[in-house]
Amino acid sequence: MYRPRAICPLVLSIGSALAVFAVAPALGQGARTTLPAEVPLPPRRPQTLDQPVSPSEQPPPSAQPETQTARPPLSREALRYCAARWQAMKLDGTASGRLWRDFAQDCAEQYRRDKR
């Protein structure tokens, strides 16, 4: 009969005994148990990081990549429809070479046409 309450103290006592025997030799050989008196400081910070950057020296804002286009948000129903079609295409192997964002745009247009 399995008694977890009876086994847990036994396992803990065995683990404690093993830990004592594993740590005791290391302490007996003069292992350091405290931190050194002087802890080295991190390297100094470069002066250029402490100075504020003037507005003329700030880099221009990065332009958005051409692949990002503003698309109207899809309804939850349309997203589920397109996601189900995308999963089916991936399983069939007909989605190879296409990206989700391109497929989603085409699917959304088709969904809107079919919905009318």
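This is a predicted model: local features need pLDDT of at least 70, side-chain atom pairs count only at pLDDT 80 or more; totals for chains, interfaces and linings use all residues.
Visitor: Is Phe103 buried or exposed?
Guide: A residue counts as buried when its relative accessible area is under 20%. Phe103 has a relative accessible area of 2%, so Phe103 is buried.

Visitor: How far apart are the end C-alpha atoms of helix H4, and what span should its 16 residues have?
Guide: Helix H4 runs over residues 100-115. At 1.5 Å a residue, its 16 residues should span 22 Å. This agrees with the distance between its end C-alpha atoms, which is 21 Å.

Visitor: Where do the buried residues of H4 lie around the helix, and what are their names?
Guide: Seen down the axis of H4, the buried residues fall within an arc of 135 degrees, so they line one face of the helix. Their names are Phe103, Ala104, Cys107, Ala108 and Tyr111.

Visitor: Which helix is included in what covers the buried residues of H4?
Guide: The packing can be described from either helix. The buried residues of H3 pack against H4. In turn, what covers the buried residues of H4 includes helix H3 (76-92).

Visitor: Which residues of H3 are buried, and how wide an arc do they cover?
Guide: In H3, the buried residues are Ala78, Cys82, Trp86 and Met89. They are on the same side of H3, because around the axis they cover an arc of only 65 degrees.

Visitor: Which exposed residues does H3 carry on the face turned away from its buried side?
Guide: To count as exposed, a residue needs a relative accessible area over 50%. On the face of H3 turned away from its buried side, the exposed residues are Arg76, Arg80 and Leu91.

Visitor: How many aromatic pairs does a search of the whole structure find, and what is the angle between the planes of Tyr81 and Tyr111?
Guide: A search of the whole structure finds four aromatic pairs. Tyr81 and Tyr111 form one that is tilted, with 5.3 Å from centre to centre. This pair links distant parts of the chain, since Tyr81 lies in helix H3 and Tyr111 in helix H4, 30 residues apart. The angle between the planes is 40 degrees.

Visitor: What kind of aromatic pair do Trp100 and Phe103 form, and which residues does the ring cluster link?
Guide: Trp100 and Phe103 form a tilted aromatic pair, 6.0 Å from centre to centre and with 45 degrees between the planes. Because they are three residues apart in helix H4, they are separated by about one helical turn. Ring pairs link a cluster made of Trp86, Trp100 and Phe103.

Conventions. Residues are numbered from 1 along each chain as its sequence is written. Side-chain values use heavy atoms; hydrogens and water are left out. Helices (H or I, at least four residues) and strands (E, at least two) are DSSP runs, numbered from the N terminus. The expected span of a helix is 1.5 Å times one less than its number of residues. Buried means under 20% relative accessible area, exposed over 50%, partly exposed in between (1.4 Å probe, protein chains only). The arc is that of the directions from the helix axis to the C-beta atoms. Contact means heavy atoms within 4.5 Å. Rings of Phe, Tyr and Trp (its six-membered ring) pair if their centres lie within 6.5 Å; planes under 30 degrees apart count as stacked, over 60 as edge-to-face and the rest as tilted.
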